[in-house]
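Let's take a walk through a protein chain together. Have a look at the sequence and the 3D view, and then we'll visit a few spots one by one.

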Amino acid sequence: MASFASVPLQYSSSSLQTHLHSSLLVPSLEGAHDYNSWLVRVRSQRLHQPTQTTARGPQLKIKSAATKPAKSPAEEDWKVKREYLIQKRVRSVEVKEALRLMNENNFVLLDVRPEAEFKEAHPEGAMNVELYRLIKEWTAWDIARRAAFAFFGIFSGTEENPEFIRTVEAKIDKNAKIIVACTSGGSLRPSQSLPEGQQSRSLIAAYLLVLNGYGNVFHLEGGLYKWLKEGLPTVSEE
């Protein structure tokens, strides 16, 4: 495992760069008899430097690997996502209607659950592109996230799949009619207890699809939990 050098806590990554550059480029004047004479010598040396490019050693670059990356569209506030989905007329469909649309109108069911859950049971003909995947990298930030998951007894922490849209685009045409599904489904519909509906992986995925040019996106109301509860057909890959 890579080792991490300790850095004084009084400096942030940006201020530390400034501090290091300033300490490397500005000479100490302690013991100098005349600052002006030093400045004259430096200018004289610059004038006599050769114009050709000389080889340089590796430059010092410091990056705080423990800094959280910028917020992705998937992390946008749910209220913003919900308003955009409603504006783009993303409609929720019940599980039996979804089955009919798949059989009669060539709708594609996009299952965004983890691959392991998809293999256990899924509607026949469904395509799987996981929205979240197991954490793969070992930067300081990723190690901190693993530790946070472990604190709550979760030893298979997940992260947003950065290849989600690219993988979907490779499998599904942008003119296709897509029903996005996850386990719980969530809901765009307001209720007394949830006046702004309820966010879910499938609704986050629908939001990303619409943002990236998919114009016929639907959402499976009740999710695959309700699909199984209704006794609708599934297949397994195990």
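**Starting inside helix α8**

Y207 is buried, because its relative accessible area is 7% and buried means under 20% (over 50% is exposed, in between is partly exposed, worked out with a 1.4 Å probe on protein chains only). Before we go on, a word on the ground rules: this is a predicted model, where local features need pLDDT of at least 70, side-chain atom pairs count only at pLDDT 80 or more, and totals for chains, interfaces and linings use all residues. Residues are numbered from 1 along each chain as its sequence is written, and side-chain values use heavy atoms, with hydrogens and water left out.

Y207 has a ring partner, Y84. The two tyrosines link distant parts of the chain: Y84 is in helix α3 (residues 78-87), Y207 is in helix α8 (residues 201-211), and they are 123 residues apart. Helices here are DSSP runs of H or I with at least four residues, strands are runs of E with at least two, and both are numbered from the N terminus.

How do you describe such a pair? A pair of aromatic rings is described by the distance of the centres and the angle of the planes. A search of the whole structure turns up two aromatic pairs. For Y84 and Y207, the ring centres are 5.7 Å apart and the planes sit at 85°, so this pair is edge-to-face. (Rings of Phe, Tyr and Trp, the last with its six-membered ring, pair if their centres lie within 6.5 Å; planes under 30 degrees apart are stacked, over 60 edge-to-face, and the rest tilted.) Y84 counts as partly exposed because its relative accessibility is 23%.

Now back to α8 as a whole. Is this helix mostly covered or mostly open? It is mostly covered, with nine of its 11 residues buried. Among them are L203, I204, L208 and L209. The buried residues of α8 pack against α3, β2 (108-111), β4 (132-134), α7 (164-171), β6 (178-181) and β7 (217-220). After α8 comes G213, with a positive phi near 95°.

Helix α3 also holds V80. V80 is partly exposed because its relative accessible area is 37%. The C-alpha atoms of V80 and Y207 are separated by 10.0 Å, while the two residues are 127 apart along the chain.

Next, two residues in loops. R89 is in the loop between α3 and β1 (91-93), and its phi is positive, about 60°, although it is not a glycine. R89 counts as exposed because its relative accessibility is 76%. N106 is in the loop between α4 (95-105) and β2; it isn't a glycine either, and has a positive phi of about 55°. At 65% relative accessibility, N106 counts as exposed.

What about N128? You'll find N128 in strand β3 (residues 127-128), and it counts as buried because its relative accessibility is 14%. A polar atom of its side chain lies 2.9 Å from the backbone oxygen of D111. Not counting residues up to four places away in sequence, N128 touches D111, V112, R113, E115, F118 and K171.

Finally, how confident is the predictor? Its confidence in each residue is pLDDT, from 0 to 100. The chain has a mean pLDDT of 77, and 62% of its residues reach 70 or more. Residues 1-40 stay under 50, and the model has 12 contacts for them beyond four places in sequence, where contact means heavy atoms within 4.5 Å.

Methods: pLDDT = per-residue confidence, 0-100. Polar contact = N/O pair within 3.5 Å; in protein donor to acceptor, adjacent residues only side chain to side chain.
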